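Please keep the sequence and the model in view while reading.

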Amino acid sequence: MLIAPSERRYALAGGALSLAAIIVFVTVATLSLLISTDGMPVGSIVSDPYILRVLRFTLLQATLSTLLSLVLAIPVARALARQPRFIGRIWIIRLMAVPMGLPVLIGALGLIGIWGRQGVVNTMLSWAGIDQPVSIYGLSGILLAHVFFNLPLACRLMLAALERVPGEYWLVASGLGMRPVSVFRFIEWPVLRSVIPGVAGLIFMLCATSFTLVLMLGGGPAATTIEVAIYQSLRFDFDPGRAVGLSLLQIALTAVVLGILSLLPASGDAGLTAGRTIRRPDGALLGAWVADRALLTLAVLFLGLPLLFIVIAGLRADLMKLVGEAIFWRALATSGVMALSSALLSFALSMPLVRARHTLSLERKARYGTRSFFAAMGAASSLVLLFPPIVLATGWFLAARDVGDVNVVAPVLVVAINALMAMPFVVRVLEPAYAIHQRRTQRLSASLGISGLAKLRLISWPDLRKPVLTALSFAMALSLGDLGAVALFGSDSFVTLPWLVYSSLGSYRTNDADGLALILGVICLLLTISGTIGSGVADEPKREALSHD
Amino acid sequence: MTDAIEMRGVTLRLGQNSFVFDCALPEGAVIGVTGASGAGKSTFLNLLAGFDTADGGQILFDGKDIGHQHPAERPVSLVFQDNNLFAHLNVFTNIGLGIHPALKLGDADRRAITSALAKVGLSGFEKRMPATLSGGERQRVAFARALVRQRPILLLDEPFAALDPSLRRDMAALLLVMHRDSGNTVVIVSHDADEIRRIADDAIFIDQGRVAVAAPIERFSTGENNSALRQFLRIDES
């Protein structure tokens, strides 16, 4: 027996506690929503024409965003795969990781800088004599932004799939004289077809629950998604009934999407095969060579210009003045404390689940109860996918309002919600690391009789330090950049960095917003990078966590 | 005897390694190419197949320099150790792609595929998927594809290395039968000196990026007074 009975008891009790805490938190939010509907039949809320319009727009923009991201990612992924020796290729792949690690709010600022009314693109168009500006607001802007964030994700997953193809295929194809069209039809497309359903489901899920981008780029009831409509009902119209109806609708929607997603094949690990030399004679053909370079240049401009804009606009802002303001330090301190707390909370909730699941996984005879306990703990870590942050926030907002001052409990709630948001990722990092750690050390520790604190200090901590720090730093980056949970609760007395950026924008202090965005972006990227270096974890932060389970 | 292919001062630099190949491959023979791993066997084959383009020198076929031709234009067919077949396409399609790279096939082409499958002992396998075949059967399909391509030279890169020993002999026998039927030139790269001795008429020993020895197999087997080759063949110095 590798685990002493007392150790097993502790592990399972810890898992049960953590599971209970998560369930209670989510249940209170849901109950509070349900209680608030009293008197109003749910059916009448859902048949409200406004709500139906919002639902239709949510589905429309998510479908179009998914299609566009996929259709545009295919040629880019193909070009990257076909040019294995392209100079700067690795930097393009790294550039593609940036939108995934960057707070959505900041990416949106960059996009506005390039595609907005006074942005680079429209300025060039007006030079060229075209007066019809590209609109960053409304449906076109939302689609543009969703493509900006999801094309790189799709691209990396597709590239990974293409790179898993045996190297001989390309040589055989070349030897047989297959033209690029044939190579696509007989090799590339069959490979892509196998990953596209999973990737599409993942992107659809992200776009259907996208909050910050729609908040910033959506305009009026014509371009509002369920999540933003919930926020507007509570914050502006103060119509809790509608917020509740929308929240329940959102849960139903995510449940359906998650259900469909679970039927699709997993989108696979994005771990790119490094080191293996792949020859692509088909990429050396003149037409392909030129087309791929042109395409990659366009992709780099599309992804890179908004990022470059953030840097340039940020540096143009009066950073000294910003850093000298008391509000900046207050927001920084609030964000810092909240990010650290939510990262620690996320870890404190995740680790017992991981440990309990591991303990159960070692048991030979799994009874039905054990099995459902095991599954429940696995599902708990991803519960936030089913109950989006804004929905949890709404439920707790309504509950807290009945009890007393929302402002007092707001930071605690935001920390808790951010912690839940980070859990899918934290568990995804910790679970395999913990399993490997146990496999490596369990027998030896058991035979030497090392246990308890000594084991933690001498064996577990040194071995698990890296994955733990990775999980913590990603969770912190996620919380630092989050606007969703804060949006409902933000006020003059409760200011985080993203909230400060957002309210600077709202009061037309665009320069301040740019400067703050640069600072926030740099902090988040540094956290993400420091978590990735040497951890052996593919540099896919929060978004990748969704493809788990 | 005329030469099928001649390499004249073919040079190539890949990173830290430089290669210089000079040799003549006799027409209609089975030529074994061997050497220690990293010596340059694969580069030799890649140059012949056209996956690497030489920095200098000529690769002559029929008096013409084919050194700058695209792989598909060269008079060669290829069989690798593994992954010769596209796993998601059935046997018929895999062979058909050898006749027309966009799979535009006529009735005569379909008959050619059926007869090629019969020749490699896989009649009726048209609709099978590669995953349902054994390793040996997959290599037979690759041979069938080489048959329908009707190229004068067949290049094989460790074609039997993934198979077990008895199967290896069967496959080598099949290769020789095909060779006798078609009269093609076979260039087979193998790290297995015994295999080369069993099936090759001539052999080439590659050492440090150069053709160190090229000789008929009887003389080759004696080590040709080349210390590296003698070491490779484990011929006792005594």
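## Helix α1 of chain B

In this predicted model, α1(B) is mostly covered, seven of its nine residues being buried, where a residue is buried if 20 or more other C-beta atoms lie within 10 Å of its own, exposed if 12 or fewer and partly exposed in between, with C-beta atoms placed from the backbone. The buried residues are B:K41, B:F44, B:L45, B:N46, B:L47, B:L48 and B:A49, and the helix is followed by B:G50, whose phi is positive, near 100°. Helices (H or I, at least four residues) and strands (E, at least two) are DSSP runs, numbered from the N terminus.

Residues are numbered from 1 along each chain as its sequence is written, while chains are lettered from A and ligands numbered from 1 in the order in which they are written. Since the model is predicted, local features need pLDDT of at least 70 and side-chain atom pairs count only at pLDDT 80 or more, whereas totals for chains, interfaces and linings use all residues.

## Domains of chain B

Chain B is divided into domain 1 (1–72 + 154–161 + 187–238) and domain 2 (76–150), with bounds that come from an automatic or database domain assignment. The C-alpha centres of domain 1 of chain B and domain 2 of chain B lie 27 Å apart. Their contact takes nine residues from domain 1 of chain B and eight residues from domain 2 of chain B, two residues being in contact if their C-beta atoms, placed from the backbone, lie within 7 Å.

On the side of domain 1 of chain B that touches domain 2 of chain B, the elements giving two or more residues are α1 (41–49) and β7 (153–157) of chain B, and the largest share, four residues, comes from β7(B). By class, that side of domain 1 has seven nonpolar, no polar and two charged residues; here Ala, Val, Leu, Ile, Met, Phe, Trp, Tyr, Cys and Pro count as nonpolar, Asp, Glu, Lys and Arg as charged, and the others, Gly among them, as polar.

## Contact between the chains

Between the two chains, 16 residues of chain B are in contact with 17 residues of chain A. The side of chain B that touches chain A divides into 11 nonpolar, four polar and one charged residues.

## Helix packing in chain A

Helix α19 (residues 389–403) of chain A packs against helix α20 (residues 406–448) of chain A at an angle of about 155°, with their axes 10 Å apart; axes are lines fitted to C-alpha atoms, for helices over the stretch in contact, and angles run from 0 to 180 degrees between N-to-C directions. That angle makes α19(A) roughly antiparallel to α20(A), given that angles under 35 degrees count as roughly parallel, over 145 as roughly antiparallel, 65 to 115 as roughly perpendicular and the rest as oblique. The contact is made by A:P389, A:L392, A:A393, A:W396, A:F397, A:A400 and A:R401 of α19(A) and by A:V406, A:V409, A:L413, A:I417 and A:M421 of α20(A), and by class it has 11 nonpolar, no polar and one charged residues. Within α20 of chain A, A:V409 counts as partly exposed because it has 18 C-beta neighbours inside 10 Å.

Helix α5 (residues 104–115) of chain A and helix α14 (residues 286–316) of chain A pack at an angle of about 95°, with their axes 8 Å apart, and are therefore roughly perpendicular to each other. In this contact A:I106, A:G107, A:L109, A:G110, A:L111, A:G113 and A:I114 of α5(A) meet A:L305, A:P306, A:L307, A:F309, A:I310 and A:A313 of α14(A), and the residues divide into 10 nonpolar, three polar and no charged.

## Helix packing in chain B

Helix α4 (residues 135–149) of chain B and helix α5 (residues 165–182) of chain B pack at an angle of about 10°, with their axes 11 Å apart, and are therefore roughly parallel to each other. The contact is made by B:G136, B:Q139, B:F143 and B:L147 of α4(B) together with B:L167, B:M171, B:L174 and B:M178 of α5(B), and its residues divide into six nonpolar, two polar and no charged.

## Positive phi in two loops

Most residues other than glycine have a negative phi. A:F238, although not a glycine, has a positive phi of about 35°; A:F238 is found in the loop between α11 (226–235) and α12 (240–263) of chain A, and counts as exposed because it has 10 C-beta neighbours inside 10 Å. B:N83, also not a glycine, has a positive phi of about 55° and lies in the loop between β6 (76–79) and α2 (91–99) of chain B, where B:N83 counts as partly exposed with 17 C-beta neighbours inside 10 Å.
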